[in-house]
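Trainee: I would like to go through the labels on this model and ask what stands behind each one.
Mentor: Good. Ask about the terms, and we will set values against cut-offs.

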Amino acid sequence: MMEWTPAAKDELNRHLENIRPGLEGSGADPAEVLDDIRRHVEEEALRERLSVVTEVDVRRITSRMGPVSTGVEPPPTPLPTHWKSFVYFGSILAVVTVVIEIMTRMCAGSFMDPLPTPWHAALALSVPLGAMVTWRLALRTAPPPSWSALGTGFSWGIALYYSIVFLPLMPLGAVAIVGFGMGLLPLAPFFSLLAVIFAYKALALRFPAKRLAGLTAGIALSWGALFVIELPDKATVVGMDWAASPEAGKAQKGLSFLRRFGSAEHMLRACYMRRSGMPDLLLLTFGSGPVPTDKARNIYFKVFGVPFNSLPAPDLRGRSGMRDLATGFVFDPEQGGEVVGGRVKDLALASSRLDGSVDGLAALGYFAWTMTLQNASSNQQEARAVLALPPGGAVSRVTLWVNGEEREAAFSQRGKAQQAYQQVVQRRRDPVLVTTRGPDRVMVQLFPVPPNGGTMKVRLGITAPAAALTADEWVFQLPSICERNFGLGDLKHSIWIESKQGIRSLAAGLAAEPAAGKAHALRGEVRESDLAAGLVVSLESPPAKAVTGPDAFGGSVHQTVDSTAARTPVVLVVDGSKSMESHVPAIARAASGDPAALAAVLAAAGDDVAQWSGAEAAGRLAGLKTVGGQDNVPALIRGWDAAAAAGGAVVWVHGPLPVVLSPVEGLTQRWERRPDGPVVYEVPAIGGANAVAGALDASNRLVRVPRKGTLEQDLAGLLDRLSGARPSAVVKRSRGGGSGPRTSEHLARLWALDEVRRLLASGSAKDRSAAQDLAVRYRLVTPLTGAVVLETDEQYKQAGLEVPDPSKGPSVPIIPEPGTSVLIGLSLLVFLWWTRRRRSCAA
């Protein structure tokens, strides 16, 4: 006999009572239908030969029977009200957070970039979409489609990923809510995860048979999608962390990895992003994290061989056109510092003109470079640039336009000038600072360039000698921009050079024409790339053997020009960076002209310095494999030692070197202990930054060679002069009387510049102080002095600087603008015509 337990009877009664509401009103007799169901359950229990029927047996039998078809759908299982609140709140908060981040890049600028690509934004938006779709499916009476659990799992996986990423920020968000009533944005991933969970619970409650079907597969699919789009960036971060390691082996491993697999876009962004140090929990599994900005810039050069700021700044607000709808504020972390730093968005050089006056007899010239910077951003910006001056030249005048009026610079001790500039920058006033950044290079800083299309205008006066390529060939290499934090766009420099003696240029953009009061003039428009490549103005005839010029401090300065032809052994040092790849064959051809003249050839390549000598050197150099950005300092040190042993000179051919990768103290020590040691002739194959030269600012044994033709021609010419095959010019300047044509006070400035370099080379504190006083007196920017323009006389006094007085010391050189010269000429013509006509009428 079959026995029913009390629990089994209660379970069957509950089942029948749950069915009763659906039977009432359906037209069927509820009591009859329920009796049939009870009888069917008892028959099933007998068929299974159950001696004791339990609660579990009743559930098993009733589940096999399925729902009772009455023609009327049973009412859906009611869902808790708070589930709906979680789903809607989490979904809306997620959408708002994604939109705010795309618009403002708030998190990207402060902590990390959660949406670096549109793909990340799409995945983040799939979370609220998946939660709402799942919730709507749960409200339906029809069973959900087969893909519903897969889609819900996909949203679940994305929400879980961002919850892990934002885990370190969640406590801050919670504190902000309690303390300030705000801070929901960092909690958005967590709330969106709850929204997906409650939506899925609702679906599982309504349709138990669909529970967990495809959910795990959806989560796995979402993490697979994240892995695909995150792999390049995450792998690049790991590689950069290795490359920044102090262990040489690990660092080289990281560089090799980045050159093969690294994301160039991510590395460029790392050169600009300043992070708060919040850890990326996913990267912690590799023991890695983002490297500091300065190290990222070094790594970028080591990997690609070019400066990071030679490229336009990346859009830190997002990639692939994610538009910034916020205020347009642009942050510049290097403001008021001593480096050019990264490009500043919306800051550009609006106009540039270079006016020059050349004295061919004295082989000297004065150039006035007028630049106007424009700022389209919504906040004040600082413009910074490193300029390459004509070889042997110096800045002798700085003028800033303040409220339409010209303000002249004060020349002072370098530290005092920098301090005055930084103090005024903090007060948001109008200063300009000019300091040296290596031989023949200066850094210019202007602040503030007004926002919303405002402009700032500055003029640099440059006194420079002509450079002698041979005893009969003299040229002026025009100044150019080595490094900058502003854009150029399609800008062309407007150039106008005048001289009483014949001048010429092979540049396509410059044309000769007569000039009022001068025998010759060159004018035209050229691009910055032409200036950087080495645009020169040549003298048609050699200078006078002797000239004299007045000295504002009494007496005169005498200059003589002689020629010599001495054979000097040469040690050739070649930069092995990737940027030199196309130039190595030309260097090898130039070096093969006279192999006996080469004491050695060294190349900075890889982890070591390759060194060759003899007839095979040029051939071995032609096979040099360039890679990344190389450290030139070890090769220069070895080259100096080899040249010192041979009694020769070093010829250093290089590309852009934006960073110093190893200490230069070894070189500076050699020059300090051996002031008459080997001269290093610097031949830039490509225009650009040279931080190594900047670190050797005070040396007078580093000589930049002007570029006139191709690299092969210029290098072969230099090697011929050093070998004695071509005569070289020797220029000497001294105070005192002398014969020859008279020239301007610029000759006295060049003598003062020579004397400053001589005193610096001695190394004594007394000579250093004398050099500083001499540079200030003659208004020269040198390694010991700087020029600063302040807005008011009171600011000069507060900074302990002497208010500029052009009437003291050397006269301030003035070059009239071409428009002024034309007006003067027209006025003279009108006056002569009027005088002649008047005489005719009188006759």
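Trainee: What makes α22 largely enclosed by the rest of the structure?
Mentor: Buried means under 20% relative accessible area, exposed over 50%, partly exposed in between, with a 1.4 Å probe and protein chains only. In α22, 13 of the 17 residues are buried, so the helix is largely enclosed by the rest of the structure. Keep the source in mind: this is a predicted model, where local features need pLDDT of at least 70, side-chain atom pairs count only at pLDDT 80 or more, and totals for chains, interfaces and linings use all residues. Residues are numbered from 1 along each chain as its sequence is written, and side-chain values use heavy atoms, with hydrogens and water left out.

Trainee: What is counted as a helix or a strand here?
Mentor: DSSP runs, numbered from the N terminus: H or I over at least four residues for helices, E over at least two for strands. The chain has 25 helices and 29 strands.

Trainee: Why is Ser412 called buried?
Mentor: Its relative accessible area is 9%, and the cut-off is under 20%, so Ser412 is buried. Ser412 lies in strand β8, residues 410–413. Contact means heavy atoms within 4.5 Å. Leaving out residues up to four places away in sequence, Ser412 touches Val776, Leu784, Thr785, Gly786 and Leu801.

Trainee: What makes β5 and β14 a pair?
Mentor: Two strands pair if DSSP finds at least two bridges between them. Strand β5, residues 381–388, and β14 have four bridges, in the antiparallel sense. Leu387 stands opposite Ile481 in β14. Strand β14, residues 480–484, is mostly covered, with five of its five residues buried.

Trainee: Which strands are the edges of the eight-stranded open sheet?
Mentor: The order is β7-β6-β11-β4-β3-β15-β18-β17, with mixed pairing. The edges are β7 (405–408) and β17 (510–512), as each pairs on one side only. From one strand to the next, the twist averages 20 degrees. Within the sheet, β6 (394–402) and β11 (454–465) run antiparallel, joined by six bridges. Thr399 stands opposite Arg459 in β11. Helix α22 packs on this sheet, touching β4 (364–375), β6 and β11, and its direction makes about 80 degrees with that of β11.

Trainee: Why are α7 and α9 called roughly antiparallel?
Mentor: Axes are lines fitted to C-alpha atoms, for helices over the stretch in contact, and angles run from 0 to 180 degrees between N-to-C directions. Under 35 degrees counts as roughly parallel, over 145 as roughly antiparallel, 65 to 115 as roughly perpendicular, and the rest as oblique. The axes of α7 (148–165) and α9 (188–206) cross at roughly 155 degrees and come within 8 Å. The pair is therefore roughly antiparallel. Residues in contact include Trp156 in α7 and Val196 in α9.

Trainee: What about α6 and α9?
Mentor: Helix α6, residues 118–139, packs on α9 at about 20 degrees, with the axes 8 Å apart. That angle makes α6 roughly parallel to α9.
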